[in-house]
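Dear colleague,

I am handing over the structure below, and after it I set out what was found. Please keep it open while you read.

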Amino acid sequence: MDNLTLAQQFSLIGLNGQDSLYQTVVKKATLRCVAAAVVLEAWLEGVFVWDREWFMIDPLSIDSFCEEPYRSLVMKTLLPKGKNKDLSWWIRKVSGLSKRKMTQLEKAITDPLRKQGLIEEIPGLLGCDLYLHSSGVEIKEYRSDSQSFLTITESVRAEVLEEGTIPDEAICMLWLLRESGCMHDLFSRNEIETAGEKMGALYRGNPLAKQLYMLRVRRGIEMAYKQFLKFKSRAVRTQTGSGINFLFPALERSQSVFIEMEAWFSNPERRLRDIKNRLESQGHKFTILREGQIPLIQIDNVVYEAIPHVIYGRVPIHGVRLLPRRPF
């Protein structure tokens, strides 16, 4: 996706499947990382210059860089006093973005992507759940264009997992994925170990990684997840590989959706038919990757297993539970 900037590429990954109506904790972290991506874009395009031992912003280049509205929003409106500060100062300021500023940034980054047909709003998959299907609650989420999403994610995976020099843009993207909690969307547990080792090697030998990988974009309530999910930090053992990615519960970035069946003890064919009907009624794009007792279904860029499940109450309810299966 050569025509898309770093912030736009990251937005297609980070906002895919995110609530489009409300500022959830996970979306706030994603939007802070979008703002950080804008700062990193400035570095990639030479707006930051090397001064002694720090990257400093060049006042002569900032005006031409800020022609795009989302760039101007971050660099001039959100961070108006930082022209003479180093990269770490800008990243720290990004971590302090207010809810109102993040809402403005969300609109500024998604509007051009909507016009290009690269992102759209759809009914949320959670709306297919038994308890929300007929409740009248409006749930909407972002869906990135499938081909663009696949192109970006496969490019990042190839640059990180294959041997060879990792370009600066991939170094930045890897940090953004770590800080936003999107690692699990692209890499398996073993691959995350490999990515963490790569980040450690980059930290030791690359000037940009040396500054960037020690920085964090996090604040407030996100830290509360740390104790609750402390065990997740064991997934990556290197200091530079671990971060906010493992502070978020995986279930918050995904959804466990229960779809009830029309008949008790349905066979696999009837269960799959009921799933299709529910997804179609909610306007979701899906592909059946595998049929059988536990079908595998790709829904809006994410692959789910449809596992038979029963909810026990006064009357047992038979159905399937859609559980995300990553990486795809």
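Which residues in α9 meet which residues in α11? Ile171, Leu174, Trp175 and Arg178 in α9 meet Ala195, Met199 and Leu202 in α11, where contact means heavy atoms within 4.5 Å.

Please note that this is a predicted model, in which local features need pLDDT of at least 70 and side-chain atom pairs count only at pLDDT 80 or more, while totals for chains, interfaces and linings use all residues. Residues are numbered from 1 along each chain as its sequence is written, and side-chain values use heavy atoms, with hydrogens and water left out.

Helices here are DSSP runs (H or I, at least four residues), numbered from the N terminus. Helix α9 (residues 168-180) packs against helix α11 (residues 189-205) at an angle of about 125°, their axes being 11 Å apart; axes are lines fitted to C-alpha atoms over the stretch in contact, and angles run from 0 to 180 degrees between N-to-C directions. The two helices α9 and α11 are therefore oblique to each other (angles under 35 degrees count as roughly parallel, over 145 as roughly antiparallel, 65 to 115 as roughly perpendicular and the rest as oblique).

Helix α1 (residues 6-14) and helix α2 (residues 25-44) pack at about 155°, with axes 8 Å apart, which makes α1 roughly antiparallel to α2. Their contact includes Phe10 of α1 and Val34 of α2.

Finally, both Trp89 and Trp90 are buried (under 20% relative accessible area, with a 1.4 Å probe and protein chains only).

Best wishes

Methods. Buried means under 20% relative accessible area, exposed over 50%, partly exposed in between (1.4 Å probe, protein chains only).
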